Amino acid sequence: MKSILDLPDVRIKDKKILVRVDFNVPWQNGKIADDLRIRKTLPLIRHLIKKDAKIILISHLENGEGISSFAGVAKYLKTKYIPRLRFIADVAGKDTLRHIDRMRGGDVLLLDNLRKDRREKNNDRKFSKKLAELADIYVNEAFSVSHREHASVVGVPQFLPSYAGPLFLEEVRRLRQALAAPRPFVLVLGGKKLSTKMGLLSKLFSRADKVLIGGAMANVFLKARGFEVGRSYVEAGVSPDKKILGSVKLFLPVDAVVLRGNKKCTVTIENLSFTDAMYDIGPKTIGLFKREMRDSRFILWNGPFGVTEKGFVDGSREMARALARASAETIVGGGDTISVLRRYKLLNKYSFVSTGGGAMLDFLAQGTLPGIEALRSKDRK
Ligand code: 3PG
């Protein structure tokens with residue numbers, strides 16, 4: 001993939017550059033809860049401002065709070081990071097065209113939520129062409145949405161000279177390390193759904209020296225090993241690979257935090273009763289996982305270990321702290337995991353924090369993404 005940073009200044013100055021970013025940031029009570037994805041795109045935006053490009057930012061926004069316009073993000077960006085930013089409440093319509101016509105070198109426009117137009121998700125060719133017609137050059141700086149075959153990710157590169165941004169390339173470079181990780185390599189997985197991590201687990205299980213699994217996804221394994229898991233969440237219709245289930249490399253929780261009445265109790269896995277529900281890993285499991293990580297040279301972690309949104313955060317916090325102290329190379333990713341790191345001010349304590357959730361998992365499972373292939377096939381032409 002070609003890097004936009006390698007393009008000579010004369011080919012950037014006064015050019016309209018369509019930059020696909022991922023400003024799909026988490027919101028809480030009407031405020032941006034975490035701006036990591038925004039901050040990580042600033043180096044590219046500032047570079048292009050300095051080179052007098054006309055920058056047109058495009059992104060999707062789809063979150064649980066029902067906020068679908070970029071007006072709030074634009075206000076935040078303008079006040080905090082990019083005073084020259086202007087928001088257009090339009091995607092590729094007349095308003096956008098009028099504003100683009102008036103742009104000068106160094107100006108930055110943020111267009112409205114791409115998903116307001118359903119042709120974005122449908123990867124509609126005409127919509128891709130319309131977006132491409134807004135600019136001279138396309139840059140993908142949105143690794144975290146590059147697992148989607150959407151118009152702004154895979155469609156636009158068919159119509160414009162296309163490049164990867166520095167964050168995009170850094171994500172690919174760092175995550176590729178996990179595919180050829182130095183050993184001992186420990187894979188640490190949490191989260192609720194095993195089904196979303198099955199591909200990653202199958203791909204990396206043979207490469208990893210140890211695989212530590214916590215969170216509700218571990219319950220599928222515990223149940224398959226014959227433990228009583230009571231009322232704990234067990235994903236339906238998913239059965240673990242027999243080889244993985246029986247492997248000595250696999251480490252599962254040995255105790256858990258449950259609620260008995262309103263009281264939090266720690267119970268060993270073999271003593272769980274049929275009325276218990278596991279909400280977090282217990283102290284013995286934390287100790288076991290820490291020991292198993294101790295001599296590793298590379299640790300990859302995705303997914304929390306407890307129901308963090310209900311306050312069961314001890315297991316994830318202790319694991320986050322242990323990884324932060326590890327001398328191994330540490331790569332961490334996933335939206336819920338990042339929320340834990342932010343909460344305990346640990347975000348800068350790892351070798352690399354990926355902005356990708358689903359994109360990180362898909363990349364690690366498949367070794368590539370539709371967004372990468374779209375930029376690559378451009379190179380082959
Ligand atoms: C994400 O939050 O993982 C990316 O922004 C992709 O969003 P999506 O899952 O809604 O496509």
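## Aromatic pairs and the phenylalanine cluster

Rings of Phe, Tyr and Trp (its six-membered ring) are paired if their centres lie within 6.5 Å; planes under 30 degrees apart count as stacked, over 60 as edge-to-face and the rest as tilted. In this predicted model, local features need pLDDT of at least 70 and side-chain atom pairs count only at pLDDT 80 or more, while totals for chains, interfaces and linings use all residues. Residues are numbered from 1 along each chain as its sequence is written, and side-chain values use heavy atoms, with hydrogens and water left out.

The structure contains 7 aromatic pairs. Among them, Phe143 and Phe363 are edge-to-face, because their ring centres are 6.0 Å apart and their planes stand at 70 degrees. Phe143 belongs to the loop between strand S7 (137-140) and helix H5 (151-155), whereas Phe363 lies in helix H13 (residues 358-366), 220 residues apart; helices (H or I, at least four residues) and strands (E, at least two) are DSSP runs, numbered from the N terminus. Both residues, Phe143 and Phe363, are buried, meaning under 20% relative accessible area, with exposed over 50% and partly exposed in between (1.4 Å probe, protein chains only). Ring pairs join Phe143, Phe168 and Phe363 in a cluster.

## The stacked pair Tyr279–Phe312

Tyr279 and Phe312 are stacked, at 4.7 Å centre to centre and with 20 degrees between the planes. Tyr279 is in strand S14 (residues 278-281) and Phe312 in the loop between strand S15 (298-302) and helix H11 (314-325), so the pair ties together parts 33 residues apart in sequence. Tyr279 is partly exposed, at 22% relative accessible area; Phe312 is buried, at 6%.
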